[in-house]
Amino acid sequence: MKKITKTWLAAVALASFALVSCREKDGGKKNEYLSFNIAVTANKVVNPLIQIAQEKGYFEAYRFKPNYTTLEMIGTPEALIAGKLDAAYEQIIPPISYGAQGANLTIFAGTLSGGMEVVARKEEAEFLRNPENWKGKTIGVIHLSTAEMVSKAALGNNYGYKVGEDLNYRIIDGYPAISSAVAKGTLDIGLISSEYLEAARSIGLEHLFHLTNLQKDYVCCRQYAYGPSFDKNKDAYKAYLKGQIRAYKDYVTNPEESVKSLARLTGEDIDYISRYIYNKESNGDRSYNPDPNYNGVLSIYEILTGWNYIESHAKLNEFFNIEVYASALKEVIQEFPDDTFYKDMWKYFLENDNKFPGFDYKEI
């Protein structure tokens, strides 16, 4: 079994990060802005919560001005040392792997859940649509992917399977290769990204279900920061999250305006944005939420350490912070005391972060 090594991660600790404070003159007055450098991908629609917050003026409302650095890949050591970065959002495996082996990173918020699909050959689809029929089957995954960890946890916890005894996993390099192997019969089941579903169907595969059917609201991408930057400048990160919390309400309650907002900011086609953000059938039941969801991350971390993908005795809470998000959400609730949406976000926080050691937050 391939492990994540300290050599692979060591470069992270060498990265030089900086938090900057911007000043603007307006009518002879100096207005202080909180700001830090955020890594984003080259895609036009990179993170709807951040982009809606920017376009709707929510960051401005909290005196926060993001500085974006566009990178091809934001979850690798090479990308982290390419510039002075303070925060990024990426598939959960890299940051928890870095943190477990000593990199000075802090996971502090959520981004994305869902986005993965389960496929099989048409002649076996109906039988395999029920995971209780998966005993003895071979599942194809990308190594150290969220799908690998989530499925192992769900199939073990919810169905009692023992991986390596009741189920076999095979590591495949790339989603097209997974689909091809399923079509040829060398795999029984494939876990692929929603972007590759139509291609899988074109070679005769059938969609069984979204991976969220195995594990509801499973965590995928999380937001993480360079530890010293986060510790010294929590007000900036809190303002960053308050803007996203406001944007999350728009994303959930006003899809039409949210799509228009993203189109105004990105210049992207409205139909494309609607499919990418809101069409659950085509986007793998993808959803966005700034809540850290410590409980969901913990289930993945336990798989990584329990299966010796990572040799570490570090506790997840040592490089995970829920306090800044909780503080941000509380302040938004105080700002809008009659708005039940934000109070419902607090209930979600109580349900999905309560495994954090010393958790003592109460109902509002």
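Modeller: A helix here is a DSSP run of H or I with at least four residues, and helices are numbered from the N terminus. With that in hand, and bearing in mind that this is a predicted model, we can begin with Lys238, which is found in helix α11. Lys238 has a relative accessibility of 17% and counts as buried, because buried means under 20%. If its neighbours within four places in sequence are left aside, Lys238 is in contact with Val324, Ser327, Ala328 and Glu331.

Helix α11 covers residues 234–253, and it also holds Tyr248 and Tyr251, which are three residues apart, about one turn of the helix. Tyr248 is buried, with a relative accessible area of 13%, and Tyr251, at 6% relative accessibility, counts as buried too. A search of the whole structure finds 28 aromatic pairs. For Tyr248 and Tyr251 the ring centres are 6.0 Å apart and the planes stand at 35 degrees, so this pair is described as tilted. In general, a pair of aromatic rings is described by the distance of the centres and the angle of the planes.

A second pair, in helix α13 (residues 270–278), can be read in that way: Tyr272 and Tyr276 are four residues apart, and are thus separated by about one helical turn. Their ring centres lie 5.7 Å apart with the planes at 25 degrees, so the pair is stacked, since planes under 30 degrees apart count as stacked. Tyr272 is partly exposed, with a relative accessible area of 31%, and Tyr276 is partly exposed as well, with a relative accessible area of 21%. Elsewhere, Lys152 lies over the face of Tyr169, at 5.0 Å from the ring centre. Ring pairs also link Phe36, Phe59, Phe64, Phe108, Phe230, Tyr237 and Tyr240 into a cluster.

On the α2 side the contact is made by Pro48, Gln51, Ile52, Gln54 and Glu55, which meet Ser258, Ser261, Leu262, Arg264, Leu265 and Thr266 in α12. By class, this contact of α2 with α12 has four nonpolar, five polar and two charged residues.

Helix α14 (residues 294–306) contains Glu302, which counts as partly exposed at 47% relative accessibility. The C-alpha atoms of Glu302 and Ala153 are separated by 8.7 Å, although these residues are 149 residues apart along the chain.

The loop between α14 and α15 (323–335) holds Asn308, whose phi is near 60 degrees, a positive value in a residue other than glycine. Asn308 is partly exposed, with a relative accessible area of 41%. Most residues other than glycine have a negative phi. Asp217 likewise has a positive phi, near 55 degrees, and lies in the loop between β11 (205–210) and β12 (221–226). At 25% relative accessibility, Asp217 counts as partly exposed.

Terms used. Residues numbered from 1 in each chain as written. Predicted model: local features only at pLDDT ≥ 70, side-chain atom pairs only at ≥ 80, totals over all residues. Heavy atoms only, no water. Helix = DSSP H or I, 4+ residues; strand = E, 2+ residues; numbered from the N terminus. Buried < 20%, exposed > 50% of the residue type's maximum accessible area, 1.4 Å probe, protein only. Contact = heavy atoms within 4.5 Å. Nonpolar A, V, L, I, M, F, W, Y, C, P; charged D, E, K, R; others polar. Phe/Tyr/Trp six-rings, centres within 6.5 Å; stacked < 30°, edge-to-face > 60°. Lys NZ or Arg CZ within 6 Å of the ring centre and 35° of its normal.
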